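Please read them with the structure open.

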Amino acid sequence: MIPVTKPYLPSREKLNQYIDGIYERAWLTNNGELVQELTKRLEEYLKVENLLLVANGTLALQIAYRALGISGRDNATEAITTPFTFVATASSLKWEGVEPVFADIDPDTWCLDPANIEPAITPKTRAIVPVHVFGNTCDVDTINAIASKHSLKVIYDASHAFGVKYQGESVLKHGDAATLSFHATKLFHAGEGGAIVFKRKEDLERAKKMINFGITGPETIEELGINAKMNELQAAMGLCVLHGMEENLKARDAVWQRYEQALSQTLQLQTQPNGLDYNYAYFPVVFENEEQALRVAATLKENGVLARRYFYPSLESVECLGAKADQPVSKDIASRILCLPIFDQLSRKDQKNIINLIETELKA
Ligand SMILES: *Cc1c(COP(=O)(O)O)cnc(C)c1O
């Protein structure tokens with residue numbers, strides 16, 4: 001079976017060198033040498049400051065909400081977010097006692113449409129949580145203006161946007177915080193892992209305490225915290241994957257361009273803003289209708305190819321998230337979308353086969 005994505009596996013020799021170091025130091029977690037090194041390397045690579053590594057991308061969101069003071073008030077607060085994303089964006093809010101209020105997406109970029117934000121604001125609104133979905137940049141300037149006008153925090157779920165630049169700068173610089181996921185299926189991974197990039201140093205310092213039980217010294221517990229620390233084995237994997245990033249990106253770029261050339265005339269692709277420097281993390285396509293999308297998915301599956309319905313269902317229809325209103329644009333896109341396999345090891349032959357299967361099915 002050809003999966004929708006395959007984790008990038010770095011050189012074993014390189015990983016072994018890092019593991020040797022872990023054994024020599026006999027230091028496995030709690031802000032170890034490799035976590036410190038990865039923090040520094042990522043700040044350099046991404047050209048950002050105030051980066052905090054955590055155990056996964058969901059905790060990154062939860063800690064960001066806490067550090068920015070929007071959570072923990074038992075549904076007394078709300079955050080405006082997109083229904084077209086992985087469930088963790090919204091479930092992490094609910095888990096932190098913040099009611100996710102969905103606002104519909106733009107039909108072309110599939111990111112939160114800023115025009116739908118202000119109508120969703122209530123006296124309980126504390127934050128906007130947009131997603132750079134599939135690595136596409138949100139309308140950051142308009143969102144920033146709305147947030148300033150209404151004194152709201154902005155936390156970008158940038159789980160898909162590792163390395164993405166917008167107008168020459170890291171997209172992670174936008175918002176009070178931006179979060180990353182380093183899950184095995186993501187472009188950059190640490191097996192599991194995540195990070196938060198804070199705008200302000202004081203928020204970073206607060207979050208640092210929060211991820212280690214609020215402990216600040218051998219005998220001092222300053223505030224309520226939790227365990228969200230990244231460990232040394234994760235950091236070792238992360239350092240190795242970062243080492244291979246250039247080669248990984250080059251291979252994905254080639255796959256992405258071949259898909260685009262073959263399919264952009266017949267299928268709807270995500271509209272990217274001018275000035276976007278993309279990371280080739282995903283190749284989503286939208287079909288004419290749900291029936292066609294499902295037919296293509298079934299044909300691909302019969303031929304050993306697993307395209308995935310990311311992101312289906314649209315989250316306003318997920319009962320445990322407690323949404324009230326329909327989100328027609330998100331619902332429509334979610335019903336017709338498929339993400340095609342894209343990873344560094346995908347061969348030209350396999351990709352050609354995938355493209356042929358889709359083209360044949362579209363003509364049928
Ligand atoms: C993967 C992902 C997450 C969750 O990250 P984990 O590291 O798996 O916890 C959150 N939001 C989005 C948009 C994601 O794609």
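**Notes on the model**

1. K186 touches S159, H160, S181 and Y282, leaving aside residues up to four places away in sequence; contact means heavy atoms within 4.5 Å. This is a predicted model, in which local features need pLDDT of at least 70 and side-chain atom pairs count only at pLDDT 80 or more, while totals for chains, interfaces and linings use all residues. Residues are numbered from 1 along each chain as its sequence is written, and side-chain values use heavy atoms, with hydrogens and water left out.

2. K186 sits in the loop between strand 8 and strand 9 (194-198). Helices (H or I, at least four residues) and strands (E, at least two) are DSSP runs, numbered from the N terminus. K186 counts as buried because its relative accessibility is 15%; buried means under 20% relative accessible area, exposed over 50%, and partly exposed in between (1.4 Å probe, protein chains only).

3. Two records concern K186. UniProt, in an unreviewed entry, places the feature "active site" at K186. The unreviewed UniProt entry also lists K186 for "modified residue: N6-(pyridoxal phosphate)lysine". UniProt positions are in the numbering used here, feature names are shortened, and annotations may be inferred rather than shown by experiment.

4. T179 belongs to strand 8 (residues 177-181). T179 is buried, at a relative accessible area of 0%. Not counting residues up to four places away in sequence, the contacts of T179 include A60, L61 and A64, along with I155, Y156, D157, A158 and S159. A195 and I196 also touch T179.

5. Helix 3 (residues 57-67) and helix 6 (residues 201-210) have axes that come within 9 Å and cross at roughly 120°. Axes are lines fitted to C-alpha atoms, for helices over the stretch in contact, and angles run from 0 to 180 degrees between N-to-C directions. Helix 3 is therefore oblique to helix 6: angles under 35 degrees count as roughly parallel, over 145 as roughly antiparallel, 65 to 115 as roughly perpendicular and the rest as oblique. The contact is made by I63, R66 and A67 of helix 3 with D203, R206, A207 and M210 of helix 6. By class, the contact of helix 3 with helix 6 has four nonpolar, no polar and three charged residues. Here Ala, Val, Leu, Ile, Met, Phe, Trp, Tyr, Cys and Pro count as nonpolar, Asp, Glu, Lys and Arg as charged, and the others, Gly among them, as polar.

6. Helix 9 and helix 11 (residues 348-363) pack at about 135°, with their axes 10 Å apart, and are therefore oblique to each other. Helix 9 contributes Q292, R295, V296, T299 and L300 to the contact, and helix 11 contributes I354, L357, I358, E361 and L362. The contact of helix 9 with helix 11 has six nonpolar, two polar and two charged residues.

7. Helix 8 (residues 245-263) packs against helix 11 at an angle of about 25°, with the axes 11 Å apart, which means that helix 8 is roughly parallel to helix 11. On helix 8 the contact residues are V255, R258, Y259, A262 and L263, and on helix 11 they are R348, Q351, I354, I355, I358 and E359. The residues of this contact of helix 8 with helix 11 divide into seven nonpolar, one polar and three charged.

8. In helix 10 (residues 328-336), the buried residues are S330, I333, A334, S335 and R336. They pack against strand 13 (284-286), helix 9 (290-302) and strand 14 (337-339).
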